[in-house]
Amino acid sequence: MSYDPTVQPVPASVVAQVDAADTTLQNPKVAVISLGSNLGNRLETLQGAVDALEDTPGVRVKKVSPVYETEPWGVQPGSQPNYFNAVVVLKTTLPPSSLLERGRAIEDAYARTRTERWGARTIDVDIVAYEGVVSDDSELTLPHPRAHQRAFVLAPWYDIDPAAQLPGVGAVGLLLAAVGRDTVQARADMELHLPE
């Protein structure tokens, strides 16, 4: 495996601490969350969302990806600031519906507005996948219906879990190879931290 300077090693003490905390979760499920921000202090907002997820009862953040910078998706080029994106892998005892509620509460805490489709936002918290569940529920489609098309989801996810599978779709590495990395730029000068 080649060395990737954009992937920050997690200190063994932090890994041990997070693993020890797992004993508080009974039968946890693995979920993958995508974070994006293109308004305000984007890096600070992403870190705040990571911390808020960790502060959620029944949730333990296990991995945090490198930060990527991405042009806004689905809008006229130059009409919005670029996004900072990241992916979080967590273990949770919450069902998908409760995890969705928590994501929306985090968005609300950062004054996320939903006035227009593909509009600029302080924070976007999306459930990409939840323990292999495939569902076309109108409130929460799993896996995320456009994740396989989005390098800003696939690239950071692949960085922290090269063997990851998008349920019902395929290997994240192959999906990323298909869409390419042209639309995303790794920001090695920025780092998100696992909560202490």
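Modeller: Strand β4 (residues 83-92) is mostly covered, since nine of its ten residues are buried. This is a predicted model, in which local features need pLDDT of at least 70 and side-chain atom pairs count only at pLDDT 80 or more, while totals for chains, interfaces and linings use all residues. Residues are numbered from 1 along each chain as its sequence is written, and side-chain values use heavy atoms, with hydrogens and water left out.

Biologist: Why is Lys91 called partly exposed?

Modeller: Lys91 lies in strand β4, and its relative accessible area is 27%. Buried means under 20% relative accessible area, exposed means over 50%, and partly exposed is in between (1.4 Å probe, protein chains only). Lys91, at 27%, is therefore called partly exposed.

Biologist: Which partner in β4 does Arg60 have?

Modeller: The bridge partner of Arg60 is Lys91. Strand β2 (residues 59-64) pairs with β4 in the antiparallel sense over five bridges, and strand β3 (residues 68-70) is joined to β4, also antiparallel, by three bridges.

Biologist: Why is α4 called oblique to α5?

Modeller: The axes of helix α4 (residues 151-160) and helix α5 (residues 172-179) come within 9 Å and cross at roughly 135°. Axes are lines fitted to C-alpha atoms, for helices over the stretch in contact, and angles run from 0 to 180 degrees between N-to-C directions. Angles under 35 degrees count as roughly parallel, over 145 as roughly antiparallel, 65 to 115 as roughly perpendicular and the rest as oblique. The angle of roughly 135° falls in the rest, so α4 is oblique to α5.

Biologist: How do you know that α4 is largely enclosed by the rest of the structure?

Modeller: Nine of the ten residues of α4 are buried, and therefore α4 is largely enclosed. Among the buried residues of α4 are Phe152, Trp157 and Asp159.

How values were computed. Helices (H or I, at least four residues) and strands (E, at least two) are DSSP runs, numbered from the N terminus. Two strands pair if DSSP finds at least two bridges between them.
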